[in-house]
Amino acid sequence: MSVDTLTLPCPDCDALNRVPSARLNDEPICGKCRAPLFARKPLTLTAANFAQHVERSDLPVLVDFWAPWCGPCRMMAPAFEEAARMLEPQMRLAKVNTEEIQELAARFGIRSIPTMILFRNGQEVARQSGAMNAGAIAHWARSHAL
């Protein structure tokens, strides 16, 4: 894959799209379902689409591992949404509900929540546990995405 073209999974239909890197800010749409490739909000990952979005995307993917019963997780949710508006389209933000997808929590050794893991080319490059505000999330993600 050329450095000038990025492979991006569609958040709606999971189809892979090739987008020129110079056009990321032009609100690209999916070639299959015509949905926007960036909604400026976190994508909900499932066991079925996790690999497609984390391992096949050429963009870094910041995943928030959370649970509905977790107070700090609920407190951080609006900040994570705001961080998505700040970081997309240079980075994809996504959420994994550890209650619903326990196998992913086990696979990545999630011991406390919320835990954010930054992936690049499907590999973990950084991990942070604990609630953060939007500015801190964006700063932390950008500092590790390079």
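Which strands does helix α4 lie across? Select residues 134–145 to find out: this is α4, and it lies across β4, β6 and β7, running at about 30° to β6. Keep in mind as you click around that this is a predicted model.

**The sheet**

Five of them make an open sheet, and reading across you get β3-β5-β4-β6-β7, with mixed pairing. Strands in a sheet pair through backbone hydrogen bonds, in either the parallel or the antiparallel sense. Go to the edges next: β3 (43–44) and β7 (123–129) are the edge strands, and each of them pairs on one side only.

Then select residues 71–87. That's helix α2, which packs on the sheet and touches β4 (61–66), β5 (92–97) and β6. Compare directions while you're there: α2 makes about 155° with β5.

**Where two helices meet**

Show α2 and α4 together. Packed helices are described by the angle between their axes and the distance between those axes. Here the angle is about 50° and the axes are 8 Å apart, so α2 and α4 are oblique to each other. The crossing of α2 past α4 is right-handed.

From α2, select Met-76, Ala-79, Phe-80, Glu-82, Ala-83, Met-86 and Leu-87; from α4, Ala-134, Gly-135, Ile-137, Ala-138, Ala-141 and Arg-142. How do the residues of this contact divide into nonpolar, polar and charged? There are 10 nonpolar, 1 polar and 2 charged.

**An aromatic pair**

The structure has 4 aromatic pairs. For one of them, select Phe-50 and Phe-119: the ring centres are 6.0 Å apart and the planes sit at 85°, so this pair is edge-to-face. It links distant parts of the chain, as Phe-50 belongs to helix α1 (residues 50–55) and Phe-119 to strand β6, 69 residues apart.

Last, switch to a backbone view. Most peptide bonds are trans, and most residues other than glycine have a negative phi. Here are some exceptions to look up:

- Glu-88 and Pro-89 are joined by a cis peptide bond, with omega about 10°. You'll find Pro-89 in the loop between α2 and β5.
- Ile-113 and Pro-114 are also joined by a cis peptide bond, with omega about 0°. Pro-114 is in the loop between α3 (102–107) and β6.
- Arg-34 has a positive phi, near 70°, though it isn't a glycine. Look for Arg-34 in the loop between β2 (16–20) and β3.

Methods: Residues numbered from 1 in each chain as written. Predicted model: local features only at pLDDT ≥ 70, side-chain atom pairs only at ≥ 80, totals over all residues. Heavy atoms only, no water. Pairing = 2+ DSSP bridges. Helix = DSSP H or I, 4+ residues; strand = E, 2+ residues; numbered from the N terminus. Contact = heavy atoms within 4.5 Å. Axes fitted to C-alpha atoms, helices over the stretch in contact; angles between N-to-C directions. Parallel < 35°, antiparallel > 145°, perpendicular 65-115°, else oblique. Left-handed = near helix turned anticlockwise from the far one by under 90°. Nonpolar A, V, L, I, M, F, W, Y, C, P; charged D, E, K, R; others polar. Phe/Tyr/Trp six-rings, centres within 6.5 Å; stacked < 30°, edge-to-face > 60°.
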